[in-house]
Every structure is written in structure tokens, then in C-alpha cells.
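Hi there,

Here is the structure I promised to pass on to you. Have a look at it first, and then read on for what turned up.

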Amino acid sequence: MSTTKVRRLGTDRPPTRASRLMRNKWAGTAGLLIALLAPFVDATPYALSIMTSAAIAVMLAAGLNIVVGYCGLLDLGYVAFFAVGAYTSGVLATRFDLPLLATVPIVIVVTVIAGIIIGAPTLRLRSDYLAIVTLGFGEIIRITANNLDVTGGPSGIYGIPHLVENKVLFYYVTVIVVSLAVLGAARLGRSRLGRAWRFVREDEDAAEAMGVHTYRVKLAAYIAGAVWGGLAGVLFASQLSAISPGSFTFLQSALVLMAVVLGGMGSMPGVVIGAVVISLLPEVLRGLADYRFLLFGILLIIVMLLRPQGLWPARSKEVS
């Protein structure tokens, strides 16, 4: 009886304004509306480029959130799938004159295969060992692209056609694709497979004892994250119309992981906010010249100290 009273006292506190905002089902719609109205505020080429890059970062963070946030797999080489998607679409578009849209099904197949090849031998490892191996695979993909003729070597691939020539229209296409990707990732998190991912994240041994095939579940998360990363690579190649190995360094993986941690691991709204902050904050601080990255790092440290659970932490819906 006393336990019940304590539990009720702990949960019956009046919600704060921030918690009410986080529980508001219209928060996602409001965010999408802001993204759609942004070009009406500033439609200069520079602003559109920054906003498009932020949207692509959101898609990358949503994909990594499946791996890290939902399933608890520390992946330090996620940029590998970003590179696989970008290079696959770039090679097919430039060498075989395929429209970029026609390369999307092939990119999905190739990223699934890449996810299986990379994930199958590594996902039997855990924690730090898994992180080190995924970091190595990320570097292997970059170095391979740097040394192959088909990928253009250090010079990369140029002349990749745009999905849409008009920059404003391409921004809207990117926002729509990213919105569908975020919605799909969120629904995956609420599915039966998503619950299995959370069980594996909380206690892999207990999940396996309860009948969850942990290896298959982890591989499914890894493949799903690979597909999201590959599709983001297609958008990236279309945006810049040129890619090179220098675009897929470990720093990119670290920034995407930082967005997931900053926003709140396992929380899709938080991950979206984290990706937007990581993308836009350096540009906001651009006027500080050489000091902007120093201030950027200090601000991130302060935020993580004040909000260690993330800007928009995930709320468990499991009933005890």
C-alpha cells in the first residue's frame, strides 16, 4: 500500500510548461510547418543551402537513432552508409546516365547489402569493441573510395545531376522526404520490433532469456539505419552535385552521434532538434571567425551538463 502511495505522489506532480510541450502531439506538425515556411523568411542561395543541409542532417540523425537510441548499439562509423548511398547514386548517374531518382531502389539494395556485410560479423561484439570495429569500417569505406578509379579517387565524382534544378523546390522535396523518413523511424520505434530493440538496449541477456533473438534484432536495426543513411547520401549528392572522400570523415559520424545524444537518445523529436542545433549553431556563430568552433564546443558542453538526458528526452511507454 505504501509503495502505491509513493508511486502516486511521484507521478502526480503538476506538469511543467516544458513537459506539456513535449507531450503535445502537434509539436511535430509545428516543426514541419516552420520548415515549410522558412523559405518565405529567407530564400537566398546561402540560406537554402544551410536549411537543406540541416534537413539532411536530421535524416542522418534519425537513422543513427534507430541504431544507437532504439537498440543501444554504439556506432562510430555511421558515415560509411552515408558514403555508400552518395557514391552509388553518383556512379550510376554519371557513368550510366541514370536519373538520380532511378538510382534510389539500387541505393536501398546496396545499403542493405552493406549493412549485412558490415553488421553480420560485428554485431556479436558489444559496447567498446563494437564501437571500435564500426569506426574501422567507416574509415575502410572512405579509404576505399579514395583509392578506386570508379569513385574518382581523391578527386571524387562531379557532374551529378540534381533531383530538382530549382533550389527552393529541391529544399521542399528534401523536407518532405526527411519528414517521411522521420515518421517512418518513429513508427518503427513504436512497433513490435521497436519494443524488441528497447529490450535489447536495456538488458541484452535478459532479452535473450525471454526469447528475443537478439542477433537478428540488432542486425535489423543496423540494416534500417543503413537504409536511412544511404538515402540521405542520395540527397547529399544531389544537393552538391559533387562528392569526394573528404566529405565522409569520422568527424561527420561524430557530429551525427552528437546530435542524437544532444537531442535525447531514443527520442525522435529530440533527435530532430539535436540535428538542427548541430547544423545551424556553427553558422549562427560564423561571425566569430576562428573562435566559433571553440564557442560551439563550449556551448555543447554546457548544454550536456545542464541536460544530460538530452534536450527532449525519450519517455518510456512501457507499463510496469
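In which hand does α6 pass α11: is the crossing right-handed or left-handed? It is a right-handed crossing. Before going further, please keep in mind that this is a predicted model.

**The α6 and α11 pair**

Two packed helices are described by the angle between their axes and the distance between the axes. Here, helix α6 spans residues 104-122 and helix α11 spans residues 214-240. Their axes are 8 Å apart, and the packing angle is about 140 degrees. An angle of over 145 degrees would count as roughly antiparallel, so α6 and α11 are oblique to each other. On the α6 side, the contact residues are Val104, Val107, Ile108, Thr111, Val112, Gly115, Ile116, Ile118, Gly119 and Ala120. They meet a set in α11 that includes Tyr215, Leu219, Tyr222, Ile223, Ala226 and Gly230. Sorted by class, this contact has 15 nonpolar and 4 polar residues, with no charged ones.

**The α3 and α8 pair**

The axes of α3 and helix α8 (residues 167-190) come within 10 Å and cross at roughly 175 degrees. That angle is why α3 counts as roughly antiparallel to α8. From α3, the contact draws on Leu32, Ala35, Leu36, Ala38, Pro39 and Phe40, while α8 supplies Val168, Tyr171, Tyr172, Val175 and Ser179. By class there are 10 nonpolar residues and 1 polar residue here, and again no charged ones.

Ala38 sits in helix α3, which covers residues 27-41. Its relative accessibility is 18%, and the cut-off for buried is under 20%, so Ala38 counts as buried. Setting aside neighbours within four places in sequence, Ala38 touches Met51 and Tyr171.

**A buried asparagine**

Asn65 belongs to helix α4, residues 45-70. Is Asn65 buried or exposed? With a relative accessible area of 0%, Asn65 is buried. Beyond its neighbours within four places in sequence, Asn65 is in contact with Tyr70, Val260, Gly264, Met265, Gly266, Ser267, Met268 and Val271.

**Aromatic pairs**

How many aromatic pairs does a search of the whole structure find? The search gives 8. Among them is the pair of Tyr78 and Phe81, which is edge-to-face, with 6.1 Å from centre to centre and 70 degrees between the planes. Both Tyr78 and Phe81 are buried. Elsewhere in the list, Phe82, Tyr87, Phe236 and Phe248 form one aromatic cluster.

**Two loop residues with positive phi**

Most residues other than glycine have a negative phi. Asp97 is not a glycine, yet its phi is positive, at about 55 degrees. Asp97 lies in the loop between α5 (79-95) and α6. At 65% relative accessible area, Asp97 is exposed. Ser241 is another residue other than glycine with a positive phi, near 60 degrees. Its place is the loop between α11 and β2 (242-243).

Happy looking, and do write back with any thoughts.

Best wishes

Notes
Residues are numbered from 1 along each chain as its sequence is written. This is a predicted model: local features need pLDDT of at least 70, side-chain atom pairs count only at pLDDT 80 or more; totals for chains, interfaces and linings use all residues. Side-chain values use heavy atoms; hydrogens and water are left out. Helices (H or I, at least four residues) and strands (E, at least two) are DSSP runs, numbered from the N terminus. Buried means under 20% relative accessible area, exposed over 50%, partly exposed in between (1.4 Å probe, protein chains only). Contact means heavy atoms within 4.5 Å. Axes are lines fitted to C-alpha atoms, for helices over the stretch in contact, and angles run from 0 to 180 degrees between N-to-C directions. Angles under 35 degrees count as roughly parallel, over 145 as roughly antiparallel, 65 to 115 as roughly perpendicular and the rest as oblique. A crossing is left-handed if the near helix is turned anticlockwise from the far one by less than a right angle, and right-handed if clockwise. Ala, Val, Leu, Ile, Met, Phe, Trp, Tyr, Cys and Pro count as nonpolar, Asp, Glu, Lys and Arg as charged, and the others, Gly among them, as polar. Rings of Phe, Tyr and Trp (its six-membered ring) pair if their centres lie within 6.5 Å; planes under 30 degrees apart count as stacked, over 60 as edge-to-face and the rest as tilted.
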